[in-house]
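Please look through the sequence and the structure below before reading on. The paragraphs that follow are meant to be read with both in view.

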Amino acid sequence: MSTAPGTGAVSLIRLSGPQAFAIADRATGGRASLAAPRQAVWCRILDEVGNTLDDGLLTVFRGPKSFTGEDAVEFAGHGGMLVTREVLSRFLACGALPAGPGEFTQRAFFNGKLDLTQAEGVMDLISAQTSLALRAAREQMEGTIGRRTLEARDEILGVLAHVEAYIDFPDEDIDPDTGRALCDRLDRVATAIDRLLATADQGRVLREGVRTVIFGEPNVGKSSLLNRLLGYERAIVSEVAGTTRDTIEETVNLGGIPLRLIDTAGVRQAGDRIEEEGIRRTVRQIEAADLLLEVADAGQARPSIRPADVPEGTRHLLVLNKADLGEHGDWSGVEAVRISCHRDEGFDRLESVIRESLHLGTGEWGDHAVAINARHQACLSRARQSLAAASALLQPPRTDTELAAIDLREALDALGEVVGRVDTEDLLGVIFSSFCIGK
């Protein structure tokens, strides 16, 4: 099944593999083999005695010109749960096997239709919640990360070819680059890798959202702020202090940035054990936050101490609520965003300040339309470390070229893992084609 479970207008069932046409022929009375590639034709799905189970559109794709690179068949039928189940059962009875999670994309990868980053981009596209996440997923599916990684890998291959030739063929008339020139080439690769690594934080934000914790003293409007940002009444709002006793988490799209808003219990001297536990959870959420929205009552005196400690390095914004009721003199000159949840004032300014603090607005995205994930980051970091080690060893007088070659191979392997390619045959091809050894 290529469509999600449930009732809809259309359901899509996909077959892929060397027996796809034969299986589809058994279920359609031979229509699949007769169909022209990539042209939808009407057909019936028949049971074992020839009765019609469903009718719809059949499209065939002959490998390698298909998503998976194999012969493939797609049947678009009616979207009812029962009729879809009957059609799916019929294909299984004709010899098909149920696909595992992600198996079609996996086959596309193994058949060379996608590299590993593009395969991951498929899921990123499906799960994207904002326009920026969608843009990054599209760039990844188009192969931008893979292309930049392979460009860096090819450059390292060229350097390693010089080093290996210098080590293994000292009698050949090969003029290896000087140590400085080799290091310059590696520096260019390192810069390219650094540019990709610089997108790691953005990638995490786009995929997981900005963990945004709303905290402050009781009755300052934390839950009202959550409800206003969400656009509906999610949290209970009351004048009774301690109403919010547990954390509430929801996700909102703020200018293309997913914010995981977390409303927390007001921080004060707890009145009972339940409220005390709620405050402990608030502290834990603050420690794990990407962005802190500290809410205070603009009409009340400024607290002598902050309700909770803000971890060093955490983005932090002060939000003064109830600004429509007047501002206490203690807040004069204090940098903060003034809002009124009651009158719905100041929220355009708040959203603008949040975007500015995250440096993730659409206008600031620039060349970072592609954002790497945690796996890419780990591989690229290993490659970066190996490059630094190799570059140090290639400095004159270059007495440790064998060790430098090992580091360069490790960098190649790490970059190959990004796209799912680790092929030692590539190096031999570069050496023999570039240096004409043994002619």
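In this predicted model, the count of aromatic pairs comes to one. The pair is formed by Phe109 and Phe110, whose ring centres lie 5.4 Å apart and whose planes make an angle of 50 degrees, an arrangement that counts as tilted. Phe110 is exposed, because its relative accessible area is 61% and the cut-off for that class is over 50%.

The charged end of Arg14 sits over the ring of Phe104, at 5.3 Å from the ring centre. Arg228, in turn, lies over the face of Phe347, with 4.4 Å to the centre of that ring.

From the rings we can turn to the sheet. Four strands make up an open sheet, in which the order is 1-4-3-2 and the pairing is antiparallel. Strand 1, covering residues 10-16, and strand 2, covering residues 41-46, are the edge strands, each of them pairing on one side only. On average, and with direction ignored, neighbouring strands of this sheet are turned by 35 degrees against each other. Within the sheet, strand 3 (residues 52-61) and strand 4 (residues 72-78) are joined in the antiparallel sense over five bridges, and Thr59 stands opposite Glu74 of strand 4.

Helix 1, which spans residues 20-28, lies across strand 1, strand 2, strand 3 and strand 4, and runs at about 75 degrees to strand 2. Helix 3, made of residues 81-93, packs on the sheet and touches strand 1, strand 2, strand 3 and strand 4, while its direction makes about 10 degrees with that of strand 1.

Thr28 is found in helix 1, and Thr28 counts as buried because its relative accessible area is 5%, where the class requires a value under 20%.

How values were computed:
Residues are numbered from 1 along each chain as its sequence is written. This is a predicted model: local features need pLDDT of at least 70, side-chain atom pairs count only at pLDDT 80 or more; totals for chains, interfaces and linings use all residues. Side-chain values use heavy atoms; hydrogens and water are left out. Two strands pair if DSSP finds at least two bridges between them. Helices (H or I, at least four residues) and strands (E, at least two) are DSSP runs, numbered from the N terminus. Axes are lines fitted to C-alpha atoms, for helices over the stretch in contact, and angles run from 0 to 180 degrees between N-to-C directions. Contact means heavy atoms within 4.5 Å. Buried means under 20% relative accessible area, exposed over 50%, partly exposed in between (1.4 Å probe, protein chains only). Rings of Phe, Tyr and Trp (its six-membered ring) pair if their centres lie within 6.5 Å; planes under 30 degrees apart count as stacked, over 60 as edge-to-face and the rest as tilted. A charge sits over a ring if NZ of Lys or CZ of Arg is within 6 Å of the ring centre and within 35 degrees of the ring normal.
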